[in-house]
Amino acid sequence: LADENDRWTRSVGELKDLSFKLIGNCLLASAFVGYISPFSSRLRASLCDAWSADLVDRQIPMTAKIDPLKVLASDADIAGWQNEGLPADRVSTENASVLVSCSRWP
């Protein structure tokens with residue numbers, strides 16, 4: 001039981017940290033969904049880096065080196081899309097995550 005207590009204590013700490021950084025993570029992911037769709041992979045990466053730097057400059061808490069794709073889709077979602085025929089490249093996966101995150105099409 002002592003091991004379980006340690007594991008639960010770590011889990012609670014991680015969840016508190018995540019809840020503190022959730023605002024920045026969601027802000028970056030929503031900017032990704034709202035603005036990134038028409039751009040190439042190089043420009044997408046550049047925009048994400050610039051937005052992340054801006055959030056840091058404004059002291060908005062966020063997870064370091066957060067990947068908006070990890071906020072928008074789980075590994076299970078991505079595997080499901082690929083099983084349904086989605087190409088395995090990053091741009092296709094990002095496009096799918098944008099589509100399923102919108103209440104209307106982009």
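Thr 93 is a buried residue, with a relative accessible area of 4%, where buried means under 20%, exposed over 50% and partly exposed in between (1.4 Å probe, protein chains only). This is a predicted model, in which local features need pLDDT of at least 70 and side-chain atom pairs count only at pLDDT 80 or more, while totals for chains, interfaces and linings use all residues. Residues are numbered from 1 along each chain as its sequence is written, and side-chain values use heavy atoms, with hydrogens and water left out.

Thr 93 belongs to helix H5; helices here are DSSP runs (H or I, at least four residues), numbered from the N terminus. Leaving aside residues up to four places away in sequence, Thr 93 touches Leu 69, Ile 78, Trp 81, Gln 82, Leu 86, Pro 87 and Ala 88, a contact being heavy atoms within 4.5 Å. Thr 93 is one of the buried residues of H5, which are listed as Ser 92, Thr 93, Glu 94, Ala 96, Ser 97 and Val 98. These buried residues of H5 pack against H1, H2, H3 and helix H4 (75-83). The twelve residues of H5 should span 16 Å at 1.5 Å a residue, and its end C-alpha atoms are 16 Å apart, which agrees; the expected span is 1.5 Å times one less than the number of residues.

Which residues of H2 are buried? They are Arg 44, Cys 48, Ser 52 and Leu 55. These residues cover an arc of only 70° around the axis, which puts them on the same side of H2, the arc being that of the directions from the helix axis to the C-beta atoms. An α-helix has 3.6 residues a turn, so residues three or four places apart point the same way. On the other side of H2, Arg 42, Asp 49 and Asp 57 are exposed. The cover over the buried residues of H2 includes helix H1 (2-35), helix H3 (68-72) and helix H5 (90-101).

**The loop between H2 and H3**

Gln 59 lies in the loop between H2 and H3, just after H2, where this residue takes a positive phi of about 60° although Gln 59 is not a glycine. Most residues other than glycine have a negative phi. Lys 65 is found in the loop between H2 and H3 and likewise has a positive phi, of about 55°, without being a glycine. Gln 59 is exposed, with a relative accessible area of 71%, and Lys 65 counts as exposed at 83%. Arg 58, also placed in the loop between H2 and H3, counts as exposed at 57% relative accessibility.

**The largest pocket**

The largest pocket has a volume of about 190 Å³. A pocket, on a 1 Å grid over the protein atoms alone, is an open set of points where a 1.4 Å probe fits, with protein on both sides within 12 Å along at least five of seven lines, and lining residues have an atom within 4 Å of a point. Grid points are joined across faces, edges and corners, and the volume is the space filled by probe spheres set on the points. The lining is made up of Cys 48, Asp 49, Ser 52, Val 56, Met 62, Thr 63, Ala 64, Lys 65, Ile 66, Asp 67 and Pro 68. The largest share of the lining, four residues, comes from helix H2 (residues 41-57). By type, the lining residues divide into six nonpolar, two polar and three charged, where Ala, Val, Leu, Ile, Met, Phe, Trp, Tyr, Cys and Pro count as nonpolar, Asp, Glu, Lys and Arg as charged, and the others, Gly among them, as polar.

**Helix H1 and C-alpha separations**

Helix H1 holds Asn 5, Asp 17 and Leu 18. Asn 5 is partly exposed, with a relative accessible area of 48%, as are Asp 17 at 38% and Leu 18 at 42%.

| Residue pair | Apart along the chain | C-alpha separation |
|---|---|---|
| Asn 5 and Ser 101 | 96 residues | 36 Å |
| Asp 17 and Met 62 | 45 residues | 9.5 Å |
| Leu 18 and Leu 86 | 68 residues | 30 Å |
| Arg 58 and Phe 32 | 26 residues | 18 Å |

Methods
Helices (H or I, at least four residues) and strands (E, at least two) are DSSP runs, numbered from the N terminus.
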